[in-house]
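Dear colleague,

Please find below the structure that I am handing over to you. My notes on it follow directly after.

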Amino acid sequence: TLTLFEKIINKEIPADIIYEDEISIVIKDISPQAPTHLLIIPKKVIPKLSDASKEDKDILGHLMLLAGRIAEELGLDETFRLVVNNGAAAGQSVFHLHLHLLSGRPLNWPPG
Ligand code: 5GP
């Protein structure tokens, strides 16, 4: 059975797609927690970051570099936050790895 994000990647479920390449897809979060709230998602299903292995190094690097590039292209003025919720107790609800990119409001520290 497919993850929600696989269905979005397969275009079985609609999403606001900001960017796509052979390794990744970037969509708007359906329930944004900031004026800009994107999800940067690898096409390979890695349920959570702690499941990633050495062979995923290029994918993980790609996602991070993409975050910086998209932030620049959207004019986020080098002010944004990346979040990875790892595990249900940390707030993860979709078990297909994704980076949250948040921007456009004050981002307090520490996060909740
Ligand atoms: P998590 O809680 O796993 O870190 O993040 C999952 C994110 O996916 C949540 O922020 C949630 O709002 C978002 N989300 C859940 N369902 C959908 C959907 O159908 N479409 C989109 N674009 N985002 C979704």
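The loop between helix H1 and strand E1 (17–20) contains Lys-11; helices (H or I, at least four residues) and strands (E, at least two) are DSSP runs, numbered from the N terminus. Phi of Lys-11 is near 65°, which is a positive value in a residue other than glycine. Most residues other than glycine have a negative phi, and most peptide bonds are trans. A cis peptide bond, with omega near 0°, leads from Trp-109 to Pro-110. Pro-110 is placed in the segment after strand E5 (99–103).

Please note that the model is predicted: local features need pLDDT of at least 70, side-chain atom pairs count only at pLDDT 80 or more, and totals for chains, interfaces and linings use all residues. Residues are numbered from 1 along each chain as its sequence is written, and side-chain values use heavy atoms, with hydrogens and water left out.

I turn now to the ligand. It is surrounded by 16 residues, the closest being Asp-29, Asn-85, Gly-91, Ser-93 and His-100; a residue counts as near if one of its heavy atoms lies within 4 Å of the molecule. By class, this shell holds 7 nonpolar, 7 polar and 2 charged residues. Here Ala, Val, Leu, Ile, Met, Phe, Trp, Tyr, Cys and Pro count as nonpolar, Asp, Glu, Lys and Arg as charged, and the others, Gly among them, as polar. Helix H1 (4–9) and strand E2 (24–28) each supply at least two residues of the shell, and H1 gives the most, with 3 residues.

A backbone N or O atom of Gly-91 is 2.8 Å from a ligand oxygen atom. A side-chain N or O atom of His-98 lies 2.9 Å from an oxygen atom of the ligand. For Ile-30, a polar backbone atom is 3.3 Å from a nitrogen atom of the ligand. Taken alone, the ligand exposes 520 Å², of which the protein buries 83% (Shrake-Rupley method, 1.4 Å probe).

Which pocket does the ligand take up? The space taken by the ligand is the largest pocket. A pocket is an open set of points on a 1 Å grid over the protein atoms alone, where a 1.4 Å probe fits, with protein on both sides within 12 Å along at least five of seven lines; lining residues have an atom within 4 Å of a point. A molecule sits in a pocket if more than half of its atoms lie within 2 Å of its grid points.

The largest pocket has about 320 Å³ of space, a volume being the space filled by probe spheres set on the points. Its lining comprises 19 residues, with Leu-4, Phe-5, Asp-29, Ile-30 and Leu-39 nearest its centre.

The second largest pocket holds about 210 Å³. Its lining divides into 5 nonpolar, 4 polar and 2 charged residues.

With kind regards

Notes
Polar contact = N/O pair within 3.5 Å; in protein donor to acceptor, adjacent residues only side chain to side chain.
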